[in-house]
Amino acid sequence: MSEKYTEQEKEKYILVGIAEKDEEEAYSSLDELSDLLDTAGGEALFQFIQKRQHPDPATYIGKGKAEELRELIDMHEADGIICDDELSPAQIRNLSQILDTKVIDRTILILDIFAAHAMTNEGKLQVEMAQQKYRLSHLQGLGVSLSRQGGGIGTRGPGETKLETDRRRIKTRIASLNNQIQHLSRMRENTRKRRVNGTTPIAAIIGYTNAGKSTLLNRLTEAEVYADDKLFATLDPTTRKCRLPDGTQYLLTDTVGFINKLPHNLIDAFRSTLEEAKYADILIHVVDASDPARDMHIKIVYDTLRELGIEGKPIVTVFNKMDKLPADHNEKLYDTHADSCILASVKNGTGLDKLFEALADATIEGYR
Ligand SMILES: Nc1nc2c(ncn2[C@@H]2O[C@H](COP(=O)(O)OP(=O)(O)OP(=O)(O)O)[C@@H](O)[C@H]2O)c(=O)[nH]1
Ligand SMILES: [Mg+2]
């Protein structure tokens, strides 16, 4: 997957964020941004945080801070900066003028990773849709920023050389993408109907990115889904049959991971893919129990589910990667939204018997 990136030297970026209240939260968010950059094949030089009530509408960080940042960019020979929030066209334009470098935001970075990881036709269309919508709303700002240092992170995926393309052409492309996605979505709907008419309940594996969802699917079925220590390793849903030790059958679906500040365009574009979770009979929520930001991840997962209109389903939460926690840990691992919680190490295969029990016990309407 990453070989696309390794041919040229790694691009180096300074990560820029704003601490509105909680400085620790801002740093933890920048740590995640750094993981995203790593997944995209770039390298983070250091983090630069400004404490302020709100982002500056004109320049994101304050003008004075931006001057300070300009010196650091020169000193460290950075290839650009990445801001931890989605920037407005004006912010991108002004910042690239002041800093005289490439200005990227969290949304562009995530879209870039999705563009590199999309495998299926549908996944590619969905990512392009999100990219075109972003471009449409940022035409002015992007023209200035990306023309400064063409190519590299933030410019991959279809149509990157067409930034000058006028609105109308982008709109026409969006309409055409819409048609194609709807067509695929109808086909998916038909497949789903055939499944729903069957007698096998469907469990969707959902959760924060990198929690171990694909590893779980691979462990429970013969699927050989790509699982890696990268963010957004999975974009396309895979469904496989799984038979529990008591003979109960399930259809298991692996889904795209969630993340903090997931771009809205992407949620919209992936709505049809995520419908796999919407029509599931039960959700298996995988959490990386060893991540210090675990509780925040859980909150974001439920916020995203609500935004997608996925509510009121039975939920089994799997606190995964227990092998990474010290044996004498005394942290409380609990998910108040779940009907049951189990502790597991999917990698080592521990705790799976408890998951089977929870699945066998789950009362799923229409199947028992
Ligand atoms: N230590 C440990 N690592 C695990 C465990 N389960 C999964 N992992 C690792 O966590 C990383 C992410 O696993 P994936 O299964 O790709 O995670 P995912 O939730 O599908 O991630 P995305 O598709 O990127 O959203 C991989 O490197 C796995 O080997 C576990 O129980 N213990
Ligand atoms: Mg995955």
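How many residues lie between E6 and E7 in their hairpin, and which residue in the turn has a positive phi? Five residues separate the two strands, and Gly247 has a positive phi of about 95°. Strands (E, at least two residues) and helices (H or I, at least four) are DSSP runs, numbered from the N terminus.

This is a predicted model, in which local features need pLDDT of at least 70 and side-chain atom pairs count only at pLDDT 80 or more, while totals for chains, interfaces and linings use all residues. Residues are numbered from 1 along each chain as its sequence is written, chains are lettered from A and ligands numbered from 1 in the order in which they are written, and side-chain values use heavy atoms, leaving out hydrogens and water.

**Stop 1**

Select residues 238-243, strand E6, which pairs with E7 in the antiparallel sense over six bridges. Two strands pair if DSSP finds at least two bridges between them. Arg243 has Gln249 as its bridge partner in E7. Buried means under 20% relative accessible area, exposed over 50%, partly exposed in between (1.4 Å probe, protein chains only).

**Stop 2: the open sheet**

Move to the four-stranded open sheet, ordered E2-E1-E3-E4 with parallel pairing. E2 (43-51) and E4 (102-105) are at the edges with a single partner strand each, so one side of each has no neighbour in the sheet. Select E1 (12-19) to see its seven parallel bridges with E2; Val16 is bridged to Phe48 of E2.

**Stop 3: the cores**

A nonpolar core is a set of buried Ala, Val, Leu, Ile, Met, Phe, Trp, Tyr and Cys residues joined through side-chain atoms within 4.5 Å. The largest one has 86 residues, and Ile81 and Phe232 have the most contacts inside it. Its largest share, seven residues, comes from helix H6 (121-148). A second, separate core of 25 residues includes Ala203, Leu216, Ala223 and Val318.

Select Ile81 to see its contacts (heavy atoms within 4.5 Å). Leaving aside neighbours within four places in sequence, they include Tyr13, Val16, Leu69 and Leu99.

**Stop 4: two helices**

Finish with H8 (213-220) and H12 (352-361). Leu216, Arg219 and Leu220 of H8 make the contact with Leu352, Leu355 and Phe356 of H12.

Note on methods:
Axes fitted to C-alpha atoms, helices over the stretch in contact; angles between N-to-C directions.
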